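Hi,

Here is the structure I promised to pass on.

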Amino acid sequence: MPVFLAIALHAEARPAIERFRLKQDAAFDLPVFRRDEVWLTVTGTGSMKSAIATASLLSRVERDEDSVMFNLGIAGHTQKADEGPVTVGDRFLANKITEQSTGRSFFPDLLAKTPLAESVVTTVQQPLERADAGTVEPGLADMEAAGFYQAAATFLPPHRIGCVKVVSDHLETRRIDKHRAGELIAGALDDFDAAVAAYRSVRDGAPDVLTDADLQLVRDIRDRLRLTASRHRILTDLARSYKLHTASDLPDLTRFTHVSVKTRQEGDAQFERLRGILSVE
Amino acid sequence: MNGYGASSRWSNFSHLYIERGANDYPLTRRIRERFAKARVVEIDDYKTVFARPRQRFQAQKESMKLILAVKKDRFLYEGSGNSQDFSFKAFHYNTLMSNCVYNCDYCYLQGMYPSANIVVFVNLEDYFTATREGIRDRSNPVQPFYLCVSYDTDLLAFESVVPYCRAWIEFAREEPDLLIEIRTKSAAYRAIRDLQPTDRAILAWTLSPEPVAARYEHGVPPLRRRLEAVRSAIDDGWPVRLCFDPVLAVPSWASLYGGLVDEVVRKIDPATVRDVTVGVFRLSKHHFQRMRRQRTDTPLLYGEFMQEDATVTYPAERREEMTAFMRRRLGDHFGEERIFAWT
Ligand code: SF4
């Protein structure tokens, strides 16, 4: 069950690299760090770069149904310092990501219950000035989330994509010191880790009644009998039907992985034999 | 990284997604008060949440969100061939809500909608206006305008949150040429029990053998409670319809569904029932295929099926046997003329 992380700056990524004891993987053109099932890409600043690095990672690493992907980074908050509850260091999970340049909004699916508060995140192309705070929905302003989300959503269901932002400023600071950025991320890692764990615990409904071994067996039979894609689908459904209706394991079908068929008629005959064995009517 | 924790999911309706344009409707205010602790996310158009790609229907079923929206058009739809039309020339339905709080294994909504989240359209008056026009322009003025208002949802099951059954019953009371059907599997009759019955609103209960309900109709009240609700509604003077639909080809189906008919007539005097519908399991081909892709865990979607035009159902012989069986068993008690069957 891979966990993918996309983080804009090395300074923000370093605490996560250390915490999860990741090592750089030189096989990638972009900076990618990994250990076991955790993959982290340092994307660079900006929506486009975040999208490219996210898509690149997700298309190169084998995913499974349970993979999750997170963007983690610092962001400014529209609330003025000392004029509300939000302070530097607070962390939020994005419940809405708006791309300022297009006005489009995206919604990660919030199925997993995490310890994090939630916020709207608006992705801007230039750092937002205090004077322009009123041009975005109250909440966070960052430079990556929209690009990250759109790229991740091409590959993953929306409840397996998360975006966590740590408040670095109230739109007054023009540049955040690198060291400070690292500290802010480091301070949020416990909550972040808990959020990732919560996302990973969500299952996509009841599992397939066919196990991986069953599915492999059906594929082996397909190859042996040279079944068309449509027949492969029918055979898979017959196997499912058998297990669901009999509440027992598949009968022994290994002999169908040894038979040799030379003509289409022979293939058809073997397929009909299989159909007879798996029929539950 | 943290290991796998116990599954930590939000409970249902932890989040309200509210279209900007829906904010000022009384129902929106009511729902916000009802779910005062819910996290609110403002949206421009409900489809940006509801129609996201790659959503997982069954994963969402365990943490359904509410989406409050304003329906912009299509306040009336013409009925489809998969529904009984009760010999009405004009059979219509509307979608006041999309999706349902229950989760039946055989539910076609899994194949129809991209999301399991519940959309509530808050602009009820626009539906009323369109319905008045539909009544006025109906093709056969001799018959009332027949409208199913609990379609693609179970309206009564959600009445405590969205009091639409009440609103539609009151609306029907004012419209002499309207006949509405409110179909449900819920036992929440008490939510409308204070209303005066009217002949212009049929309360329709879908009934299943208890073993079928317990195994395949998740979250739905057991048969016993549904029958208590039926009984109360009839005692109060409502026209009640009993729906044996879908009849499922489960093992021992004849004994299960025969037993169901026996149980029903033990509890309910057939003479007091307005009419009865019967239909074996059937789905549009498109919905069936999409459901199968998502549901690899329920026997109801696997086995012998056939396709007729755009409908998937059991092979003809099986289907005819099941329909004939149900007609016979129900006919013994209700008489043929009150039974409407999809064949
Ligand atoms: S009660 Fe009806 S609408 Fe609701 S889940 Fe069951 S079949 Fe679907």
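Which strands of chain B does helix H10 lie across, and at about what angle does it run to E15(B)? Keep in mind that this is a predicted model. Helix H10 (residues 285-294) of chain B lies across E15, E16 and E17 of chain B, and its angle to E15(B) is about 95°.

Those strands make an open sheet of three in chain B, in the order E15-E17-E16 with antiparallel pairing. Strand E15 (282-284) and strand E16 (306-308) of chain B are the edges, each pairing on one side only. From one strand to the next, the twist averages 30°. E16(B) is joined to strand E17 (residues 311-313) of chain B by three bridges, and B:Gln307 sits opposite B:Val312 in E17(B).

Elsewhere in chain B, have a look at B:Tyr25, in the loop between strand E1 (15-19) and helix H1 (26-34). B:Tyr25 is partly exposed, because its relative accessible area is 26%. Beyond its neighbours within four places in sequence, B:Tyr25 touches B:Val70, B:Val122 and B:Asn123. B:Asn123 is 98 residues away in sequence, yet the two C-alpha atoms are 7.1 Å apart.

Then there's the ligand. The residues around the ligand include B:Cys100, B:Cys104, B:Cys107 and B:Lys185. By class, this shell has six nonpolar, one polar and one charged residues.

Over in chain A, helix H1 (residues 10-19) has several buried residues, among them A:Ala11, A:Pro15 and A:Ile17. The buried residues of H1(A) pack against elements of chain A including strand E5 (68-77) and helix H4 (178-200). After H1(A) comes A:Arg21, with a positive phi near 50°.

Cheers

Technical notes
Residues are numbered from 1 along each chain as its sequence is written. Chains are lettered from A and ligands numbered from 1 in the order in which they are written. This is a predicted model: local features need pLDDT of at least 70, side-chain atom pairs count only at pLDDT 80 or more; totals for chains, interfaces and linings use all residues. Side-chain values use heavy atoms; hydrogens and water are left out. Buried means under 20% relative accessible area, exposed over 50%, partly exposed in between (1.4 Å probe, protein chains only). Helices (H or I, at least four residues) and strands (E, at least two) are DSSP runs, numbered from the N terminus. Contact means heavy atoms within 4.5 Å. A residue is near a molecule or strand if one of its heavy atoms lies within 4 Å of it. Ala, Val, Leu, Ile, Met, Phe, Trp, Tyr, Cys and Pro count as nonpolar, Asp, Glu, Lys and Arg as charged, and the others, Gly among them, as polar. Two strands pair if DSSP finds at least two bridges between them. Axes are lines fitted to C-alpha atoms, for helices over the stretch in contact, and angles run from 0 to 180 degrees between N-to-C directions.
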